[in-house]
Amino acid sequence: MKVNKEFLIPFVGLKQGKHQFEFDIDKTFFDGFGFDEYNDVKVKVDLILEKKSTMMELSFKHKGFVNVPCDITNEDFDLPIKGKLKLIVKFGEEFNNDNDEILILPHGEYQIDISQYVYEMIVLSVPGKRVHPGVKDGTVGAGILDKLDELAPKEQQEEEKEDKNTDPRWDSLKKLLTDKK
């Protein structure tokens, strides 16, 4: 992946205290990572970098949407996402990012690349199962549902019709079971 200069934060010239940064993330950001699961992306990332004498604390927050296909209907929709990430940056002998919450930079480093953390934070905030909100409330277009009915096995549809034509005596017995309370 090519380093994006927008996500390199030079912390050497910053005074101790809190510093705020904002980033607007779009589809081209994910293209740089070779990630193409999203049709469109509009996410705003707020970063507060608190510089202390021996370490830094990075607090990320993001909010926005990703346009993805629904897992049920395959219809594209805007999925709202939001999330947070905290990262502590310490200084040591060599670079170490084994821990998800602590990053160790070598002494003498003057900038930090936050693009990987922004990428992971956004990707992990998208749920594994993406369901169009219209599926839940029944307002999704019926085009795909009509196609499913058309492609349904014919035998099953005929069996359902036969089930509707039952003997009235059995219906009376079934009524006895359901009326029992």
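In what order do the elements of the chain run from the N terminus on? In this predicted model, the order is β-β-α-β-β-β-β-β-α-α-α-α-α.

The next point is how the chain is packed. Of its 181 residues, 29% are buried. Among contacts with a separation of 6 or more, 54% are between residues 24 or more positions apart in the chain. The accessible surface comes to about 12,800 Å², and carbon and sulfur atoms account for 51% of that surface.

K18, K61, K63, K82, K84 and K86 form a positive surface patch. Two elements give two or more residues each to this patch: β4, which covers residues 55-69, and β5, which covers residues 76-92. Of the elements, β5 gives the most, with three residues.

Is K61 buried, partly exposed or exposed? Its relative accessible area is 48%, so K61 is partly exposed. A residue must have over 30% relative accessible area and no salt bridge to be part of a patch. K61, at 48%, therefore passes the cut-off on area.

Notes
Residues numbered from 1 in each chain as written. Predicted model: local features only at pLDDT ≥ 70, side-chain atom pairs only at ≥ 80, totals over all residues. Heavy atoms only, no water. Patch = residues over 30% accessible without salt bridge, like charges linked within 9 Å, V, L, I, M, F, W, Y side chains within 5 Å. Areas by Shrake-Rupley, 256 points an atom, 1.4 Å probe, with all protein chains shown as cover. Salt bridge = Lys/Arg side-chain N within 4 Å of Asp/Glu carboxyl O. Lys, Arg positive; Asp, Glu negative; His and termini not counted. Charge placed at Lys NZ, Arg CZ, Asp CG, Glu CD. Helix = DSSP H or I, 4+ residues; strand = E, 2+ residues; numbered from the N terminus. Buried < 20%, exposed > 50% of the residue type's maximum accessible area, 1.4 Å probe, protein only. Contact = heavy atoms within 4.5 Å.
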